[in-house]
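Here is a short report on one protein model. Keep the sequence and the 3D view open while reading.

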Amino acid sequence: MSGLAIETRGLVKVFGKTRAVDGIDLAVPAGAVYGVLGPNGAGKTTAVRMLATLLRPDGGDARVFGHDVLREPDEVRRKVSLTGQYASVDEDLTGAENLILLARLLGHHKRAARRRAEQLLEAFGLTEAAGKQVKNYSGGMRRRIDIAASILNTPKLLFLDEPTTGLDPRSRNQVWDIVRAVVSHGTTVLLTTQYLDEADRLASRIAVIDMGRVIAEGTPGELKSSVGAGAVHVRLRDPEQRTEAEWLLTRTLGGQVVREPDPVALTARVSADGDGSSDRRTAEQAAAALTALAEAGITVDDFSLGQPSLDEVFLALTDRTAREAETTVDKEATA
Ligand SMILES: Nc1ncnc2c1ncn2[C@@H]1O[C@H](COP(=O)(O)OP(=O)(O)OP(=O)(O)O)[C@@H](O)[C@H]1O
Ligand SMILES: [Mg+2]
């Protein structure tokens, strides 16, 4: 076997005129969190539903642990679990009743079902709420009971479709801890999210999707360096020295230097080389720049080195696709 939990090639799903998933290639390694990051309507849920055999692809192919989703759906279903709005938690039952019932449906004997339910309620911080009807749960509790229900039997692959959308920071943190715990027990997690920080924290690799296509893929570090650049922010003691400082920064950093509205401030982009070692290179270049300023007798009052955030990466990538789409339209219009 390939060591891949998911492998897709040219996966397509069309709804009327909408190409919801428009030729997606994915290679998701087993044993980690894989993030699928994209804005509303990017095609995340559609892709997940095809992989979980809930929706039939219109083109391409997809394998889950080597099993084709179309030809071997039962094999796939035996290995996956999906948490989303489709979880089969009954609002009128209590948290404990839900988990026991589902465990019984999965074939656990009465005592084993009760034990597993208790274990999960405890692990998910729901022991006190165990006797409350799920309809009275808060959003965060509801999300946790949904995830608990989907891991009654430890799945090899768990799909979490936007598990933290709409949760407050504390509840998001609780869900993140659960995700980490699930992965530490050997389950592969495919997590869709609109939150860059979430993908950054949890995922070992990320596919950024937009308009049904993968527009970038890699580790969080690779994605950051692919967009290039950290930024060096400098504040000088003397505004008179700004022109000289600007020149020195341009020379040592080789990137664009921007004059901030504040007459003593400069921001320099550090050009990254995209090979993943850029964090260190950025730091080295920044140190060289500071030395050059000091040698020229320029006093620096404040200095900071910022890594590009995944937000910047995301904006740069989606902006780029938008521009490319416009260019294509332009070409088509003039052809
Ligand atoms: N059953 C359906 N019938 C028609 N169009 C659909 C259907 N499901 C999804 N779409 C369309 O396909 C596109 C992708 O939707 P999808 O739900 O996969 O996006 P998403 O990335 O999950 O978005 P969100 O972050 O809002 O959940 C959207 O344009 C959506 O309107
Ligand atoms: Mg969705």
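## Terms and numbering

Two strands count as paired if DSSP finds at least two bridges between them. Helices (H or I, at least four residues) and strands (E, at least two) are DSSP runs, numbered from the N terminus. This is a predicted model: local features need pLDDT of at least 70, side-chain atom pairs count only at pLDDT 80 or more, and totals for chains, interfaces and linings use all residues. Residues are numbered from 1 along each chain as its sequence is written, while chains are lettered from A and ligands numbered from 1 in the order in which they are written.

## The S2-S1-S4-S5 sheet

Four strands make an open sheet in the order S2-S1-S4-S5, with antiparallel pairing. Its edge strands are S2 (18-29) and S5 (67-68), and each pairs on one side only. Helix H1 (residues 44-51) packs on this sheet and touches S1, S2 and S4. The direction of H1 makes about 120° with that of S1. Angles here run from 0 to 180 degrees between N-to-C directions, and axes are lines fitted to C-alpha atoms, for helices over the stretch in contact.

S1 and S2 pair antiparallel over nine bridges. Leu-11 stands opposite Ile-24 in S2. The two strands form a hairpin with two residues between them. In that turn, Gly-16 has a positive phi of about 60°. S1 (residues 4-15) also pairs with S4 (residues 59-64), antiparallel, over five bridges. Here Thr-8 stands opposite Ala-62 in S4.

## Around ligand 1

Which residues surround ligand 1? They are Phe-15, Thr-18, Ala-20, Gly-38, Asn-40, Gly-41, Ala-42, Gly-43, Lys-44, Thr-45, Thr-46 and Gln-194. A residue is near the ligand if its C-beta atom, placed from the backbone, lies within 6 Å of it.

S2 and H1 each supply at least two residues of this shell. H1 gives the largest share, three residues. By class, the shell has three nonpolar, eight polar and one charged residues. Ala, Val, Leu, Ile, Met, Phe, Trp, Tyr, Cys and Pro count as nonpolar, Asp, Glu, Lys and Arg as charged, and the others, Gly among them, as polar.

## The H5 and H6 pair

The axes of H5 (residues 139-150) and H6 (residues 169-184) come within 9 Å and cross at roughly 15°.

Gly-139, Gly-140, Arg-143, Arg-144 and Ile-147 in H5 meet Ser-171, Gln-174, Val-175 and Ile-178 in H6. Contact requires C-beta atoms, placed from the backbone, to lie within 7 Å. The residues of this contact divide into three nonpolar, four polar and two charged.

## The S9-S10 hairpin

Five bridges join S9 (residues 205-210) to S10 (residues 213-218), and the strands run antiparallel. Ile-206 stands opposite Gly-218 in S10. Two residues lie between the strands of this hairpin. Met-211 in the turn has a positive phi of about 50°.

## The S12-S13-S11-S14 sheet

Another open sheet has four strands in the order S12-S13-S11-S14, paired antiparallel. S12 (257-259) and S14 (300-306) are its edge strands, each pairing on one side only. The twist averages 20° from one strand to the next.

S11 (residues 231-236) and S14 pair antiparallel over six bridges. The bridge partner of Ala-231 in S14 is Gly-306. Helix H9 (residues 242-253) packs on the sheet, touching S11, S12 and S13 (265-269). Its direction makes about 15° with that of S13.

Methods
Two residues are in contact if their C-beta atoms, placed from the backbone, lie within 7 Å.
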